[in-house]
Amino acid sequence: MEDVARDFVDKDYEYGFTTDVETEVIDKGLSEDVVRLISKKKGEPEWLLDFRLKAFRYWVDLKQPDWGHIQMPDIDYQDISYYADPTAKGGEKSKEIDPELMKTFDKLGIPLEERMALAGTAVDAVMDSVSVKTTFREKLKEQGIIFMSISEAVREYPDLVREYLGSVVPYRDNFFAALNSAVFSDGSFVYIPKGVRCPMELSTYFRINARGTGQFERTLIVCDDGGYVSYLEGCTAPMRDENQLHAAIVEIVVMENAEVKYSTVQNWYPGDRNGKGGVLNLVTKRGHLRGANSRLSWTQVETGSAVTWKYPSCVLSGDNSQAEFYSVAVTNNFQQADTGTKMIHIGKNTKSTIISKGISAGRSQNSYRGLVKVAATADGARNYSSCDSLLLGSRCGAHTFPYMDVKNDSAIVEHEATTSKISEEQLFYCQQRGINTEDAVSLIVNGYAKDVINKLPMEFAVEAQKLLGVSLEGSIG
Amino acid sequence: MNGTLQYTDFFNEVRDVLYSRSCDVMNRQRAEALETFMRVGFPTRKNERYKYTDVLQAFAPDYGIALSPLDGNLPQYCYRIGDAPIDVAQYYNCIADREDAVVCLNTMLCVDTVLVYIPRNKCPDHPIQIGNILKGDRDTMVNRRLLIVLEEGARADIIITDHAVNDCSFLTNQVIEAFVGDNSCLNLYEIEETHLLCTRYSNVYIHEGRDARVRHTSLSLFNGNTRNSCTVRLAGEGAEVSLNGCVIADKMQRVDNNTRIEHLVPHCTSNELYKYVLDDNAVGAFAGLVYVKEGAQKTSSAMTNANLCATRSAHMYTQPMLEIYADDVKCSHGSTVGQLGDEALFYMRQRGISLEEARLLMKAAFITEVIDMIPLEPLRDRLHFQVDKRLRGELSKCEGCKLCK
């Protein structure tokens with residue numbers, strides 16, 4: 001059994017190649033000058049530079065938090081380059097996309113040519129600090145939908161960006177949010193006008209390529225009254241010995257009667273079998289349900305990264321608003337994950353659901369940490385949380401740290417959790433029927449994660465299912 | 001450090017009295033405790049185990065500190081630590097958390113310790129009751145200590161009750177250490193019935209040997225501000241522990257229960273059930289952690305925390321945690337915060353039961369689950385009666401014992 005499990009878990013990382021493209025990387029280190037330089041390179045207006053500088057000055061005095069159930073290598077913030085631009089050829093920005101870049105994204109299964117794209121998905125492809133291309137922009141614009149990289153949005157729709165940037169995750173929120181606010185580079189900006197249902201899935205694909213850099217993307221999604229959008233995020237990185245830092249911010253604003261679905265398939269490089277290298281994924285994601293009857297759902301499949309430390313959260317201010325969080329976190333070898341969500345109920349009759357499935361294998365540590373907070377104003381608030389852990393192997397750990405703060409007598413908050421290993425009986429049942437152990441394990445794991453996978457858009461679900469198999473390969477014990 | 005000065009000053013002032021009134025075993029620990037206390041200071045809310053309690057605020061007022069040794073007759077199997085029939089140095093302050101400032105303060109200032117020692121294969125004829133009676137004409141701080149040693153195959157039922165006679169403010173800082181040997185069985189009940197001006201800090205440490213069984217029940221029926229912590233180490237295979245508690249709090253009461261169960265070896269079982277009924281402006285907190293060490297296979301653990309908030313201003317914080325480093329385990333936890341079911345209330349009103357009475361019935365039924373688990377019948381009956389009275393608001397002071405009347 002131990003061996004089969006190991007075989008099942010030990011598949012290799014498929015996206016570990018590097019792209020050989022001329023990349024403009026600024027010198028390592030972080031100072032006010034670097035912040036100014038990034039701002040200048042992006043041709044930003046004065047107000048945004050002020051925002052960055054304020055964040056930077058705040059960050060300088062902060063200490064990196066250490067309360068997570070993870071052991072992180074020390075990060076030398078002066079040993080990272082904060083800006084890498086693979087599209088800057090010989091100092092001149094060219095209109096044409098480098099064929100190397102096209103090839104890279106093709107290889108990752110993200111065609112940048114619209115005719116080749118999967119029907120119904122628009123992509124914003126980001127490599128290192130710069131958005132390479134956003135597809136279907138024109139088509140979406142016909143309906144008034146804005147979908148572009150945030151740097152472009154700052155130039156073209158400064159008022160919109162200025163109104164919402166930092167309104168959900170202020171730069172004072174936490175250490176990594178302050179860092180991101182100071183040095184953020186590209187990410188996507190989405191605006192859905194009143195009453196518009198976005199006709200296609202929007203997606204952003206993040207790729208780290210350059211060595212010695214970090215990625216600090218920033219995504220802002222605003223869904224106006226009665227709008228709807230489904231947004232997908234995918235990410236990969238090359239195999240490197242060094243730990244690369246990824247500190248992103250995602251902000252979502254949901255207005256009255258609007259609905260946003262945000263799905264992530266996170267597949268950053270997890271480090272090798274001995275725990276060397278891998279991406280440090282330290283992300284702040286938060287949605288603000290401002291209007292009545294608004295809905296927001298986070299779905300995440302976390303298979304990559306050496307360290308994952310993130311809590312996609314929802315602030316339910318609008319009356320009758322609903323939020324959901326579905327998560328599968330898989331850790332193998334020496335990976336560590338401390339992830340979960342925060343549901344903050346402020347409006348009346350707000351409802352939230354949390355389904356979290358942790359799978360740990362090898363010598364990894366997988367923690368669920370979640371907060372459900374019901375403010376005194378949240379009459380009739382309802383929360384249901386369920387977090388299960390599956391242990392594959394005797395040297396891994398699964399932990400649960402739920403926090404519930406209830407300040408309203410009409411609220412109903414429920415939490416339940418279980419921890420177990422793959423049942424011998426289920427395995428035996430499958431084997432009896434001629435299914436070999438590896439397939440049986442894969443079947444059981446997929447069945448276990450099904451509640452979450454089912455919430456993903458179709459193409460993503462297939463991908464996620466494959467990933468579950470891959471990242472667990474060789475781990476069962 | 002913050003707020004520690006008044007206690008270190010006091011310690012230095014009364015050092016001689018303290019040393020002369022106490023015994024060697026206890027005196028030997030004081031210097032180290034003082035040193036740690038000065039170094040770490042009172043825990044703040046940044047300390048995860050004290051997240052829901054403001055320790056500094058509780059210890060800041062200027063209390064008179066009681067320094068009198070035990071008096072009164074001790075029943076069979078109970079001793080003052082100075083008269084112990086065994087070498088207590090191997091037990092005293094050995095499992096208590098020496099880095100915890102509140103425990104250190106107790107070690108520094110406690111004058112006398114009650115030792116309950118049950119020799120091998122013995123069992124007292126009756127349950128042992130230890131009544132703590134707070135009496136005084138000024139605000140007083142009490143440091144008390146209990147050491148329980150059960151040798152192999154021994155058995156004991158110990159009931160600890162807290163009463164307050166006067167309307168002064170009392171601050172109790174108690175530390176209990178229990179060593180439960182192989183095959184032995186301990187039932188420990190703590191019943192708190194004091195008043196709104198009482199503050200209680202209790203730290204209980206239990207160490208279990210092979211096939212030992214412990215049932216710890218903590219009942220906070222009436223109090224001011226309470227913080228109970230219970231740490232259990234399952235160090236022998238086949239050990240079992242059951243931690244139960246119920247809390248009834250209203251007005252401005254605060255109750256914080258913090259538990260930690262450590263499964264250190266395979267084949268151990270733990271069960272935990274805590275129930276809270278919160279009314280008025282009461283604040284309740286529950287934080288439970290089940291820790292399963294690497295290699296502690298075949299662990300079975302279940303934790304449940306259910307809470308009833310009867311008013312809008314009652315707050316509940318709950319945090320049921322699991323930390324697991326072994327794969328062949330069955331661990332579950334569940335936690336709920338809710339209120340009385342409308343349907344059940346309606347059902348009773350249909351049958352002519354007034355709303356008030358129906359609510360009362362439901363609250364009592366909710367709490368009953370914890371009390372029904374108590375194997376000691378007379379205690380169970382008594383508690384049913386007390387809980388009913390308490391829920392009716394008739395219990396503002398403890399009754400029933402001669403001293404409090």
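In which loop of chain B does K251(B) lie? In this predicted model, K251(B) is found in the loop between β12 and β13 (254-263) of chain B. The residue has a positive phi of about 45°, although it is not a glycine. Its relative accessible area is 39%, and K251(B) is therefore classed as partly exposed, the class between the limits of 20% and 50%. A positive phi is also computed for N183(B), with a value of about 65°, and N183(B) is likewise not a glycine. N183(B) belongs to the loop between β7 (170-180) and β8 of chain B.

Strand β8 (residues 185-193) of chain B pairs with β10(B) in the parallel sense, and nine bridges are assigned between the two strands. One of the residue pairs involved is E193(B) with F222(B), the latter being the bridge partner in β10(B). Strand β10(B) is in turn joined to strand β12 (residues 240-249) of chain B by eight bridges, and β10(B) and β12(B) run parallel.

Strand β10(B) spans residues 213-222, and eight of its 10 residues are buried, so the strand is largely enclosed by the rest of the structure. For β12(B), nine of the 10 residues are buried, and this strand is therefore also largely enclosed by the rest of the structure. By contrast, K251(B), in the loop between β12 and β13 of chain B, is partly exposed.

Helix packing was examined in both chains. Two packed helices are described by the angle between their axes and the distance between the axes. In chain A, helix α2 (residues 32-41) packs against helix α3 (residues 46-60) at an angle of about 155°, and their axes are 10 Å apart. Because angles over 145 degrees count as roughly antiparallel, α2(A) is assigned as roughly antiparallel to α3(A). The crossing of these two helices is right-handed. On the α2(A) side, the contact is formed by E32(A), V35(A), R36(A), I38(A) and S39(A), and on the α3(A) side by L49(A), R52(A), L53(A), F56(A) and R57(A). Sorted by class, the residues in this contact are five nonpolar, one polar and four charged.

In chain B, the axes of helix α5 (residues 342-350) and helix α6 (residues 355-372) come within 9 Å and cross at roughly 130°. This angle makes α5(B) oblique to α6(B). The crossing of α5(B) and α6(B) is right-handed. Residues A344(B), L345(B), M348(B) and R349(B) of α5(B) meet L355(B), A358(B), R359(B), L361(B) and M362(B) of α6(B). The contact of α5(B) with α6(B) comprises seven nonpolar and two charged residues, with no polar residue.

Two buried positions in chain A were considered individually. G318(A) is located in the loop between β18 (313-316) and β19 (322-331) of chain A. The relative accessibility of G318(A) is 4%, and G318(A) therefore counts as buried, the limit being under 20%. When residues up to four places away in sequence are not counted, G318(A) touches L289(A), R290(A), G291(A), A292(A), G347(A) and T350(A). The C-alpha atoms of G318(A) and S294(A) are 6.9 Å apart in space, while the two residues are 24 residues apart in sequence.

S386(A) has a relative accessible area of 8% and is buried. With neighbours within four places in sequence left aside, the contacts of S386(A) are I354(A), I355(A), S356(A) and E416(A).

Key
Residues numbered from 1 in each chain as written. Chains lettered and ligands numbered in written order. Predicted model: local features only at pLDDT ≥ 70, side-chain atom pairs only at ≥ 80, totals over all residues. Heavy atoms only, no water. Buried < 20%, exposed > 50% of the residue type's maximum accessible area, 1.4 Å probe, protein only. Helix = DSSP H or I, 4+ residues; strand = E, 2+ residues; numbered from the N terminus. Pairing = 2+ DSSP bridges. Axes fitted to C-alpha atoms, helices over the stretch in contact; angles between N-to-C directions. Parallel < 35°, antiparallel > 145°, perpendicular 65-115°, else oblique. Left-handed = near helix turned anticlockwise from the far one by under 90°. Contact = heavy atoms within 4.5 Å. Nonpolar A, V, L, I, M, F, W, Y, C, P; charged D, E, K, R; others polar.
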